[in-house]
Every structure is written in C-alpha cells, then in structure tokens.
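I opened the notebook to look up a few charged side chains and one stretch of surface. My entries follow the order in which I checked them.

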Amino acid sequence: MLEVLTGAGLASASGLNAFIPMLSLGLLSRFTDLVNLPAGWEWLENEWVLGIIAVLLVLELVADKIPAIDSINDVVQTVIRPTAGGIVFGAGTAAQTAAIQNPAEWWQSNAWVPVVIGVITALVVHAGKAGTRAATNTVSVGAAAPVLSVGEDAMSVGLVFAAILIPVLVLVLLLALVLMFWWMWSTFRRMRDRLKARGTKSPDVPAAA
C-alpha cells in the first residue's frame, strides 16, 4: 500500500509540473539518504540529467505563469507530464525511501505496471489542471494564471515530499487537489452564467413620444 501511495503522489505531482518530481528524486538520491534509486533508474541522479531537468523546470515555471503562453504550454505538456509520471512512479515505487522498507516487492513480476499506472495518473491530473486553467483564464482574462500556477507548484512539491516521507499524507493532498479543481470549475461556471445573464438581458426600449 505504501508503494502505491508513494507512486501515486509522485505521478500526481508530475501531472501538475513534470520536472519537480524528477528533479527532487534525482537530487535526493544523489545528495541524501532519503532516496536510493535502484538499478535501471540511477540515470536520474546523473549530473547532466539533473542539469537538463533543472533548465526545463525553469522554463516550465516561467511559461506556466504567463497568460496565453500557459495554455500553449499545457498542450505541449500533454505528452511530457504523463511521461514524467510514468518515470517517477516506476522509480519511486522501486526505490528504497525513508517510507519504504521492502522496495519493489509488489512490482517484481510486472515491471511495466507501475510505469503505465504513473502515466495514467499524471494524465488525469494534467487534464484537470489544463481544463480548469483554461476555464479560469477565460473568465479572468488570464489574470489568475500566475496565482494558480504558484499554487499548483506548491502542491506538486508537497505531493513529492509527502510521497517520500509520509505516504499516507498523499491521500489528504489528493483530496485537497480534487477539491481545488472542483472549486475552480464551480467558480468558472458561476461567472460564466453571470456573464451570459448580462449578455442576454433585454435592452431598455425608449418610451413612445
């Protein structure tokens, strides 16, 4: 169960930001004892890989906070975020972390299973993020993009460290994420209905002389 929660937390974090979980796993494995990546995933802690991921993370952080550009970025990330989700789910559930004492036992017979689950998990979260972001951008004329982006980045970081240190907390954060998406979508619908009501309101007819 801990392996599932760890993988789900990392993959969900990738659905919000593809590079925060990958960079976190690589750095923690390279410089701390919190994560020990297994054979086959050690490339994540390579200094060149970490450098490339760091550059891509900076580009992602900037692009996601610029109105209009964030929507284009979400289209591009439809491939990247699920791919990252598959990588970190596979690496995270096979790794020995502070929370997992018997790594990879659940996955040994089907090594591809965690990767596929990670891809699907990240894709679902990405779809929720992209959909609600497009909706809120419509009604706020893009003004909400930077604030929402910062919140999503913070949630991604929180999911990563919860997945590694306290996997049970992942359930709480995922519930909070669902509620956040629901609130954003509900807010969009209310504002859209108000705009429609104003647009369809009959104009005043001048009285006859």
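Does E60 count as buried or exposed? I note at the outset that this is a predicted model. At 2% relative accessibility, E60 counts as buried, because the cut-off for that word is under 20%. I found E60 in helix α3, which covers residues 47-63, and, leaving aside neighbours within four places in sequence, I listed its contacts as L16, N17, F19, N73, Q77 and R81.

Next I turned to the salt bridges, of which the structure holds nine. I looked up K129 and D64, whose side chains meet in one of them at 3.1 Å, N to O. K129 lies in helix α5 (residues 112-140) and D64 in the loop between α3 and α4, so this pair ties together parts that are 65 residues apart in sequence. Both K129 and D64 are buried.

I then checked D153, which forms a salt bridge with K65, their closest N and O atoms being 2.7 Å apart. D153 is in helix α6 and K65 in the loop between α3 and α4, so parts 88 residues apart in sequence are tied together. D153 counts as buried at 11% relative accessibility, whereas K65, at 23%, counts as partly exposed.

The side chains of E152 and R133 also meet in a salt bridge, at 2.6 Å, N to O. I placed E152 in helix α6 and R133 in helix α5, 19 residues apart; E152 is buried at 1%, and R133 is buried at 0%. Salt bridges with shared partners join D64, D70, K129, R133 and E152 into one network.

Terms used. Residues numbered from 1 in each chain as written. Predicted model: local features only at pLDDT ≥ 70, side-chain atom pairs only at ≥ 80, totals over all residues. Heavy atoms only, no water. Helix = DSSP H or I, 4+ residues; strand = E, 2+ residues; numbered from the N terminus. Buried < 20%, exposed > 50% of the residue type's maximum accessible area, 1.4 Å probe, protein only. Contact = heavy atoms within 4.5 Å. Salt bridge = Lys/Arg side-chain N within 4 Å of Asp/Glu carboxyl O.
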